Amino acid sequence: MINGKMKKLSPSIDEWLKEAKTDPAALQEGMFLVHNGVVRQTPKAKVRQGIDDGSMVKGMEFAYDAAKVDVAIAETYTMDGIFHVRVWLNEGQLELGDDIMYVLIGGDIRPHVVDALQFLVEKIKGECVTEIEQK
């Protein structure tokens, strides 16, 4: 528990897609992409920078700034061809295998949707969240 926050139940991506496809904007969308970030055993430093100190992740404390996430979502909507953005972030004490985040992007063509997903996930991870790996 971080700041009294308990981890949340993960959303249904099937439900998210059903809702997205009922929106009038869906008629302009040719593609949806989903990102699902999960707590992994391998430390971030090893995966990203090749630094291996022999440790393994046992869990993670996770928190986010909702206002910053809202700004990142708004920025994503300004990108070419993007008509649907939905984000869910977990919080609190997470265990291996727990969902950290879900992001759904809907847009007109693949290059626009891929770019928007990359932009938003990078923005969230770089500016909106606090992840503390526990080893």
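Predicted model: local features only at pLDDT ≥ 70, side-chain atom pairs only at ≥ 80, totals over all residues.

Me: Where does Ser 55 sit in the fold?

Reply: Ser 55 is in the loop between H2 and strand E2 (59-64). Once neighbours within four places in sequence are set aside, Ser 55 is in contact with Pro 43 and Lys 135.

Me: Is Ser 55 buried or exposed?

Reply: Buried, because its relative accessibility is 16% and the cut-off for buried is under 20%. Compare His 35, which lies in strand E1. His 35 has a relative accessible area of 22%, so it counts as partly exposed.

Me: What does His 35 touch, not counting residues up to four places away in sequence?

Reply: His 35 touches Met 101, Tyr 102, Val 103, Leu 117 and Val 121. As for Lys 135, it is 100 residues from His 35 along the chain, and their C-alpha atoms are separated by 25 Å.

Me: How should I read a nonpolar core?

Reply: The general idea is that in soluble globular proteins, nonpolar side chains tend to be buried together. Here the largest nonpolar core has 24 residues, and those with the most contacts inside it are Val 87, Val 103, Ile 105, Leu 120 and Ile 124. E2, helix H3 (66-77), strand E3 (82-89), E5 and helix H4 (110-128) each give two or more residues to this core. H4 supplies the largest share, seven residues.

Me: Which residues is Val 87 in contact with, leaving aside neighbours within four places in sequence?

Reply: Trp 16, Val 69, Ile 73, Tyr 102, Val 103, Leu 120 and Ile 124. Another core, of six residues, lies apart from the largest one; among its members are Trp 16, Ala 20, Trp 88 and Leu 104.

Me: And how do I look for pockets?

Reply: Rolling a probe the size of a water molecule over the atoms shows where empty space is left. In this model, the largest pocket has a volume of about 210 Å³. Its lining has 14 residues, with Val 38, Arg 40, Ile 100, Lys 125 and Glu 131 nearest the centre. Strand E1 (31-38), helix H2 (44-49), strand E5 (99-107) and strand E6 (129-134) give two or more residues to that lining, and E1 gives the most, with three.

Me: How do the lining residues of the largest pocket divide into nonpolar, polar and charged?

Reply: Six are nonpolar, two polar and six charged.

Conventions. Residues numbered from 1 in each chain as written. Heavy atoms only, no water. 1 Å grid on protein atoms, 1.4 Å probe; cavity = no way out; pocket = protein on both sides within 12 Å on 5 of 7 lines; lining within 4 Å. Points joined across faces, edges and corners; volume = space filled by probe spheres on them. Helix = DSSP H or I, 4+ residues; strand = E, 2+ residues; numbered from the N terminus. Nonpolar A, V, L, I, M, F, W, Y, C, P; charged D, E, K, R; others polar. Buried < 20%, exposed > 50% of the residue type's maximum accessible area, 1.4 Å probe, protein only. Contact = heavy atoms within 4.5 Å. Core = buried A, V, L, I, M, F, W, Y, C linked by side-chain atoms within 4.5 Å.
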